[in-house]
Amino acid sequence: MKQIVAVIKPFKLDEVREALADVGVSGLTVTEVKGFGRQKGHTELYRGAEYVVDFLPKLKIETVVSEDIVEQAIEAIRQAAHTGKIGDGKIFVFDVEQVIRIRTGETGEAAV
């Protein structure tokens, strides 16, 4: 099993969620986060004063999938989150050693 973590632009959430559902991803966790990469940040004007916004709002999506749909899930996220502009985000993939469903005690693939 693999854990896929994607950091995306907030307005792309629905498209990414639908794309993942289409490839068979049954659940995910979404967290509001802030950060920056090459995009750095930007300046904004508020009540006549200019200030720098260092950290930009993003969403972090986490899901665990079986080995046989990892590439499909990655490609679904990549296509759905793509705008072609700086700050589209990143996808990280990690190995998952064990999964346990707390309610039933199921383990492994059955717990995902």
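The model is a predicted one, in which local features need pLDDT of at least 70 and side-chain atom pairs count only at pLDDT 80 or more, while totals for chains, interfaces and linings use all residues. Residues are numbered from 1 along each chain as its sequence is written, and side-chain values use heavy atoms, with hydrogens and water left out. The chain holds 2 helices and 6 strands, where helices (H or I, at least four residues) and strands (E, at least two) are DSSP runs numbered from the N terminus.

**The chain as a whole**

- Read from the N terminus, the elements follow the order β-α-β-β-β-β-α-β.
- Of the 112 residues in the chain, 30% are buried; buried means under 20% relative accessible area, exposed over 50% and partly exposed in between, with a 1.4 Å probe and protein chains only.
- Contact means heavy atoms within 4.5 Å. Among contacts between residues at least 6 apart in sequence, 73% join residues at least 24 apart.

**How H1 and H2 pack**

- Two packed helices are described by the angle between their axes and the distance between the axes.
- Here, helix H1 (residues 13-22) packs against helix H2 (residues 70-81) at an angle of about 155°, and their axes are 8 Å apart. Axes are lines fitted to C-alpha atoms, for helices over the stretch in contact, and angles run from 0 to 180 degrees between N-to-C directions.
- H1 and H2 are therefore roughly antiparallel to each other; angles under 35 degrees count as roughly parallel, over 145 as roughly antiparallel, 65 to 115 as roughly perpendicular and the rest as oblique.
- On the H1 side, the contact is made by Glu-15, Val-16, Ala-19 and Leu-20, and on the H2 side by Ala-73, Ala-76, Ile-77, Ala-80 and Ala-81.

**The buried face of H1**

- Val-16, Ala-19 and Leu-20 are buried in H1.
- Seen down the axis of H1, its buried residues fall within an arc of 100°, so they line one face of the helix; the arc is that of the directions from the helix axis to the C-beta atoms.
- The cover over these buried residues includes strand E1 (2-8), strand E5 (56-65) and H2.
- After H1 comes Gly-24, whose phi is positive, near 100°.

**Ala-80, a residue of H2**

- Ala-80 lies in helix H2 and counts as buried because its relative accessibility is 10%.
- Apart from neighbours within four places in sequence, Ala-80 is in contact with Lys-12, Glu-15, Val-16 and Ala-19.

- Ile-100 sits in the segment after strand E6 (89-95).
- Ile-100 and Ala-111 are 11 residues apart in sequence, with 5.6 Å between their C-alpha atoms.
- Setting aside neighbours within four places in sequence, Ile-100 is in contact with Gly-105, Glu-106, Thr-107 and Ala-111.
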